[in-house]
Amino acid sequence: MWLLLLALLRVFIPLSLLTIGGGQSVIPAIHEQVVTQQGWLSDQQFLDLFALSRLAPGPKTLLVALIGWEVSGFWGAWVAAIAIFLPSALLMYAIVRVWQRHAGKRWVRAMEKGLVPIAAGMVFAAAGTILDASSHKELAWVVALGSTALLLSGKFNPFLLLGVGGLVFVGVVPLL
């Protein structure tokens, strides 16, 4: 059990320090580690835990605690949660202190502008990882891209699109 807990720390502490743009930005790396590298979960198990983490209130990196639970029960969940939250919280505390001291300086403004596209790209990569892990990935990509196009047109309510997307999977997947 101790080896699994140490492995959870070894996987999630470095990922904690990469959560630029929020926890969803490291979803591809989490998937790579827990499914491909470590073999702790299958694609389907990962998607199930991902969906459950999205339904639960709180930060979306609770996915990591669910993974820890699957890997090593209560202590796995606890260790994984500490590993994903504590290092980034400490880093953020240090960064905020520096940011406040240098607020308005040119290099601070440049970094803020430069981090926006990086964070957006990491979020898009996370979406791609989830779509690719689906057992019906072609259909998932069609629904996602279609929904994106409709949302960008500005004429559709996102909740309506969520409902229609769910109905597509309920109606089409059983036929496949």
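**An aromatic cluster in a helical chain**

Let's start with Phe74, Trp75 and Trp78, which ring pairs link into a cluster. Here rings of Phe, Tyr and Trp (its six-membered ring) pair if their centres lie within 6.5 Å, with planes under 30 degrees apart counting as stacked, over 60 as edge-to-face and the rest as tilted. This is a predicted model, where local features need pLDDT of at least 70 and side-chain atom pairs count only at pLDDT 80 or more, while totals for chains, interfaces and linings use all residues. Residues are numbered from 1 along each chain as its sequence is written, and side-chain values use heavy atoms, with hydrogens and water left out.

By the ring rule, the count comes to three aromatic pairs. The ring centres of Phe74 and Trp75 are 4.9 Å apart and the planes stand at 80 degrees, so this pair is edge-to-face. Trp99 and Trp107 also form an edge-to-face pair, because their centres are 5.9 Å apart and their planes lie at 80 degrees.

How covered are these rings? Buried means under 20% relative accessible area, exposed over 50%, and partly exposed in between (1.4 Å probe, protein chains only). Phe74, at 49% relative accessibility, counts as partly exposed, and Trp75 is partly exposed at 45%. Trp99 is partly exposed at 23%, and Trp107 is partly exposed at 39%.

Now step back to the whole chain. It has seven helices and zero strands, taken as DSSP runs (helices H or I, at least four residues; strands E, at least two) numbered from the N terminus. Of its 176 residues, 31% are buried. The C-alpha atoms fill a box of roughly 55 × 45 × 25 Å along the principal axes.
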